[in-house]
Amino acid sequence: MKIVLIDDEKAMHLIMKRMLNKIGEMEVVGAFLNTAEAEVYLNDHDVDIVFMDIHMPQESGLMFAQRLRDRGSKIKLVFVTSHTEYALSAFDVFAYDYIVKPVALERIQRTVQRALAEAKREQGPAELPANPSVHVKINCLGRMEIKGAQNTMLKWKTSKSAELCGYLLLHHGSLVSRSKLIEDIFKEMPLKNAETYLNTTAYQLRKLLGENGLRDCLYSDGNHYALNLSSADVDLFRFEEGCKQMMVIDESNLEQAFALERLYVGDLFGSYGYPWALSEIERYSLMYVQFTQRLCRALLSRGDFLTAIPILNRLATHNELDEETVKLHLQALALQKNKEGLTRRFSDFTELLLREVGATPSPEMVLLYEQLLSPLESLHSFYSEI
């Protein structure tokens, strides 16, 4: 997999190269101090992933990413930055990942392994056998459950078998070493006990899946494990694929968009919140926020505030501090001509922001609020005079 680095600090080039060399299957083919130099290279070479900073001289990483997307580039863009506040903006340009400095090897490794797994799935991994069509559902959004025929709930043999299934799902189609599984899932145990427990847990998972038509889906070569659930219905896969396919939401796919929004019943793995999955939990959460905001913009452009408002209420519950969601909510209330609701929503958000992070709404949000409120006040005055 070919990688390009863009960062105005040469030290970061060295740090990233060392980390990527440790992971393997990676080749850093270029390291640039600014986007102009990188663009010249990208115009003439095929690259799989670009790791880049956001704040750089001449042109920011976000501006460069937008230019790449505007010309149709689908290259994987990973932002590596000291700033947390640009995460949503990064995913607006379809960032593959968002990593906050200081960078840890394990964090980079998760991103790279996910990219490798996706590449292997697209090529059709030869090491894993294909499975027959079966009716098994695995739900990871908001929970960790498995269902068999007739939608009957199946019982995990142990909580660790469910965790192992979730871990291998995030590395779907990719080999994961025993040492990595022990480090992430069984690290609280002495090594000898952890090795035995991994063997037992893998057996329990293989048995459960095999009893429900997925006999050969769990692969092992003694030193690695891999999971092939391409024939099962995994909500995680359906959700991500749906978000990718519906970058534009209009009349032609509105019903599918509603179904996809309902599919996200909660954050990845729900209350389990496995520590090794934190970056993926955040990634899917941001994916949901951005998709749902696109859906609500489509609804508001049609004037359908009645459908948008309940969805925005759910979205606000998901992240109360997201300003873009509040902006959409204010627009919906303005379309509803709900002056009281508009002023209350803005006031509540202002108080929450001050209480939780000691900040005030952005100037852009204040301006939007004033622009939305003005015609409603005029309307209120008109009816008061009648």
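Modeller: Helices α7 and α8 are roughly perpendicular to each other, a label used for angles of 65 to 115 degrees. This is a predicted model, where local features need pLDDT of at least 70, side-chain atom pairs count only at pLDDT 80 or more, and totals for chains, interfaces and linings use all residues. Residues are numbered from 1 along each chain as its sequence is written, and side-chain values use heavy atoms, leaving out hydrogens and water.

Colleague: How do the axes of α7 and α8 cross, and at what angle?

Modeller: Two packed helices are described by the angle between their axes and the distance between the axes. Here, α7 (residues 178-185) and α8 (residues 191-210) have axes that come within 10 Å and cross at roughly 105 degrees. Axes are lines fitted to C-alpha atoms, for helices over the stretch in contact, with angles from 0 to 180 degrees between N-to-C directions. Helices are DSSP runs of H or I with at least four residues, strands are E runs of at least two, and both are numbered from the N terminus.

Colleague: Which residues make the contact?

Modeller: Contact means heavy atoms within 4.5 Å. From α7 come R178, L181 and I182, and from α8 come L191, A194, E195, L198 and N199.

Colleague: Is D184 buried or exposed?

Modeller: Buried means under 20% relative accessible area, exposed over 50%, and partly exposed in between, with a 1.4 Å probe and protein chains only. D184 lies in α7, and its relative accessibility is 13%, so D184 counts as buried. Leaving aside residues up to four places away in sequence, D184 touches E106, Y167 and W276. Between D184 and Y167, 17 residues apart along the chain, the C-alpha separation is 9.1 Å.

Colleague: What about strand β4, and which way does β3 pair with it?

Modeller: Strands pair if DSSP finds at least two bridges between them. β3 (residues 49-52) pairs with β4 in the parallel sense over four bridges, with M52 partnered by F79 of β4. On the β5 side (residues 97-100), β4 is joined by four bridges, again parallel, and V80 has I99 as its bridge partner. Five of the six residues of β4 (residues 76-81) are buried, so β4 is largely enclosed by the rest of the structure.

Colleague: And which strands make up the open sheet?

Modeller: Its order is β9-β11-β10, with antiparallel pairing. β9 (176-177) and β10 (218-220) are the edge strands, each pairing on one side only. Three bridges link β10 with β11 (residues 224-227), and S220 has Y225 of β11 as its partner.

Definitions and conventions: Parallel < 35°, antiparallel > 145°, perpendicular 65-115°, else oblique.
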